[in-house]
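Open the structure in a viewer and keep the selection tool at hand. The stops below say what to select and what is there.

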Amino acid sequence: MPSFDTVCEADMVKVKNGVENSAKEISTRFDFKGTSASIEIKDKEITVVGDADFQIDQILEVLRNKLTKQAVDVRFLDIGELQKIGGDKVKKLIKVRNGIEAELAKKIQRLVKDSKIKVQAAIQEDKLRVSGAKRDDLQAVMALLRKDITDVPISFNNFRD
């Protein structure tokens, strides 16, 4: 039975390269000289540190540009709240989305079911497997998901015939 997996996975090598390129640019830019502006990545979490909110926004803009050049969709970034750390410094934690959350998986499953296309959608941990009798039905589901799910960058892999 033909099937495919719907996933939400960023290429962590490209994300890491984007963060490192951002850190390099921040260290050389004139407007960041003598400040505590920095960016670093650990596992799937990016930490941005700056002296003020506007500086954090500038760093995030640099990060978005670098990730775009690396062909990473910026919708993978889940930007947290601004936090105060010692003195006048602030930081933001940014999580890199990986895997489809249960709520989104249920939404996709409901969307597939309501489309009346003859396929089954099953939630499997952090991905959603769609299977059906015909290949054309699976391709119709892919087109439907690309059109309707715009807030999260989803991709399709593990296509089996």
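**Before starting**

This is a predicted model, in which local features need pLDDT of at least 70 and side-chain atom pairs count only at pLDDT 80 or more, while totals for chains, interfaces and linings use all residues. Residues are numbered from 1 along each chain as its sequence is written, and side-chain values use heavy atoms, with hydrogens and water left out.

**Stop 1: helix α3**

Select residues 102-114, which form helix α3. Helices (H or I, at least four residues) and strands (E, at least two) are DSSP runs, numbered from the N terminus. The expected span of a helix is 1.5 Å times one less than its number of residues. For the 13 residues of α3 this gives 18 Å, and the end C-alpha atoms are 18 Å apart, so the two agree.

Now colour L104, A105, I108 and V112, the buried residues of α3. They lie on the same side of the helix, because they cover an arc of only 100° around the axis; the arc is that of the directions from the helix axis to the C-beta atoms. Buried means under 20% relative accessible area, exposed over 50%, and partly exposed in between (1.4 Å probe, protein chains only).

Turn to the other side of α3 and pick A102, E103, K106 and K113, which are exposed. Then go back to the buried residues and show what covers them: this includes β6 (119-124), β7 (127-132) and α4 (135-148). Contact here means heavy atoms within 4.5 Å.

**Stop 2: the largest nonpolar core**

A nonpolar core is a set of buried Ala, Val, Leu, Ile, Met, Phe, Trp, Tyr and Cys residues joined through side-chain atoms within 4.5 Å. The largest one has 39 residues; select I39, I46, V48, L63, I108, V130 and L145, which touch the most other members. The elements that give two or more residues to this core are α1 (12-28), β3 (45-50), α2, β5 (90-96), α3, β6, β7 and α4. With 5 residues, α2 gives the most.

Which residues does I39 touch, not counting residues up to four places away in sequence? They are V19, S22, A23, I26, I46, T47, V48, I59 and L63.

**Stop 3: Q55**

Select Q55, in helix α2 (residues 53-69). Is Q55 buried or exposed? Its relative accessibility is 3%, so Q55 counts as buried. Draw a line from its side chain to that of T35: a polar contact of 3.2 Å joins the two. A polar contact is a pair of N or O atoms within 3.5 Å; within protein, one must be able to donate a hydrogen and the other to accept it, and residues adjacent in sequence count only if both atoms are side-chain atoms. Leaving aside neighbours within four places in sequence, Q55 is in contact with D31, F32, T35, A37 and G50.

**Stop 4: salt bridges**

A salt bridge is a side-chain nitrogen of Lys or Arg within 4 Å of a carboxyl oxygen of Asp or Glu. The whole structure has 11 of them.

- Stay in α2 and select E61 and R64, which are 3 residues apart, about one turn of the helix. Their salt bridge has its closest N and O atoms 3.7 Å apart. E61 is partly exposed at 41%, and R64 is partly exposed at 30%.
- Return to α3 for D114 and R110, 4 residues apart, about one turn of the helix. The closest N and O atoms of this salt bridge are 3.8 Å apart. D114 counts as partly exposed at 49% relative accessibility.
- Select D148 and K147, whose side chains meet in a salt bridge of 3.6 Å, N to O. D148 is partly exposed at 33%, whereas K147 is exposed at 59%.
- Select E25, R29, D31 and K66 together; a network of salt bridges links them.

**Stop 5: positive phi angles**

Go to K116, which follows α3 and has a positive phi near 65°. Next is E125, in the loop between β6 and β7. E125 is not a glycine, yet its phi is positive, about 55°. E125 is exposed, with a relative accessible area of 80%.

N158 is partly exposed, with a relative accessible area of 28%.
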